[in-house]
Each structure stands twice: as C-alpha cells, then as structure tokens.
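This report goes through selected local features of one protein model, heading by heading. The sequence and structure come first.

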Amino acid sequence: MNVAVLASGEGTNLQAVLDRVHGRDGIEIVAVASDKPDARALERARRAGVSVRAFPAAEYPGRVERDRAMAEWLVACGVDLVVLAGYMQLLADEFLVRFPERVINVHPALLPAFPGLEAVEQAIAYGVKVFGVTVHFVDDGVDTGPVILQRAIELPDAVDADAVLERLHPIEHELLPEAVRLIALGAVRIDPTNPRRVVIER
C-alpha cells in the first residue's frame, strides 16, 4: 500500500509513521506534502528518501485549486491512502472524492468532543478529567468522520495545554501508525448498516 502524508509543521507523527510502518507489511511512504515550504516534516521525508512537494496557498487562486493540484500529484505518485499528520488545513471536497474512505487524520481529543483547532485548550477550558487521541476517517466536516482508533488518558489536574500535548504525543505516535498498518492489512471497514461505525478485524 502506497501512503502519502500531509503535514504542516514539525512532522513528529510523520516520523512515527516512517519509523514504525514504512517498508513493513507492504507499506511504503511514497509522498509527503505540506502547505508550508519550510515545514520540518519535508526535511524528515527527504532524509528518508521520500518524494516531497510544497503547495503554499499563495501559489494558487484558492483552496480548491491547490487541493486539486495536490490530489493530482498524489495520484501520479500512486497513492492508496492519505494520512493527515498535523496538517492544519481543511481539504476541499474535490480532494476527498479522489480518495474515497482513504483519508485519515489524527486528532488530540476524544472525538466527537472538542473538534477543530486548539482541541486541548478547549478541553482544559471545559474542565475535563480525561483527555485522549482519535484517529478517524476524514469527511467533509471538521473532525466529524468515523472513528478508527481512540485511546484515553486520565489527567484530572491538567491546566497547561503544552503539558497535556506532551502526554498525548506518544499516544499519537502509536495510534496513527497502527491505523495505517490495519488499513494496509485490510482489517478496517465501515459497517454497511451504520456508516458511523468502523469495524476492525484484528
């Protein structure tokens, strides 16, 4: 299975995917794209010998045109699965239809609670005692796609978002590669009787 990763920043989740599943179980990371030409994720990909390309907004008339160009590049790379690993842009419908049920995202909250940006800050402001990570399919909403994997952690006294994120990163680095591995094995499917429910056959 050929995988593309989209990332906007440091690329630590990309690195986890490279370290844990790249070159194993028939999984190859073949392309990494970013909306930011200086994203460290691109350098991580270059070091791993993976093709990279930046799609900065300033070079396109709008999001639809940028996402169309990105989708065309990924199709040309033979991509089967697109992984959002800290990609801080919404994808246009024109992109998603090119990869039906083949785009996944990692989110630092237990969806459907606290979707969108600053999820941890939202959770702290709400006073939650349990935080977590979700890997989900991407649909045309904001963090509304069917849940693939989740893991929770109790942090009853959390008040600092950076400290919470530090605890969540290792969970992200486990769950995201595991989701890629399960999809590559054909172990993940959406229940035909309930499109909200993802079935995992381990």
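## Basis of the model

Helices (H or I, at least four residues) and strands (E, at least two) are DSSP runs, numbered from the N terminus. The model is predicted: local features need pLDDT of at least 70, side-chain atom pairs count only at pLDDT 80 or more, and totals for chains, interfaces and linings use all residues. Residues are numbered from 1 along each chain as its sequence is written, and side-chain values use heavy atoms, with hydrogens and water left out.

## Backbone exceptions

Most residues other than glycine have a negative phi, and most peptide bonds are trans. Glu101, in the loop between helix H4 (93–96) and S5, has a positive phi near 55°. Asp25 also has a positive phi, near 50°, and is placed in the loop between helix H1 (12–20) and strand S2 (28–34).

Accessibility is given as relative accessible area: buried means under 20%, exposed over 50%, and partly exposed in between (1.4 Å probe, protein chains only). Glu101 is exposed at 55%, and Asp25 is exposed at 51%. The peptide bond joining Leu111 and Pro112 is cis, with omega about 15°; Pro112 lies in the loop between S5 and H5.

## His136

His136 belongs to strand S6 (residues 130–137) and is buried, with a relative accessible area of 2%. Contact means heavy atoms within 4.5 Å. Leaving aside residues up to four places away in sequence, His136 touches residues including Val103, His107, Leu111, Asp143 and Pro146.

A polar contact is a pair of N or O atoms within 3.5 Å; within protein, one must be able to donate a hydrogen and the other to accept it, and residues adjacent in sequence count only if both atoms are side-chain atoms. The side chains of His136 and Asp143 make such a contact at 3.4 Å.

## Aromatic pairs

Rings of Phe, Tyr and Trp (its six-membered ring) pair if their centres lie within 6.5 Å; planes under 30 degrees apart count as stacked, over 60 as edge-to-face and the rest as tilted. Four aromatic pairs are counted by this rule. One of them, Phe114 with Tyr126, is edge-to-face, at 5.8 Å centre to centre with 65° between the planes. Phe114 lies in the loop between strand S5 (103–107) and H5 and Tyr126 in helix H5, so the pair ties together parts twelve residues apart in sequence.

Phe114 is buried at 17% relative accessibility, whereas Tyr126 is exposed at 66%. Elsewhere, ring pairs link Phe55, Tyr60 and Trp73 into a cluster.
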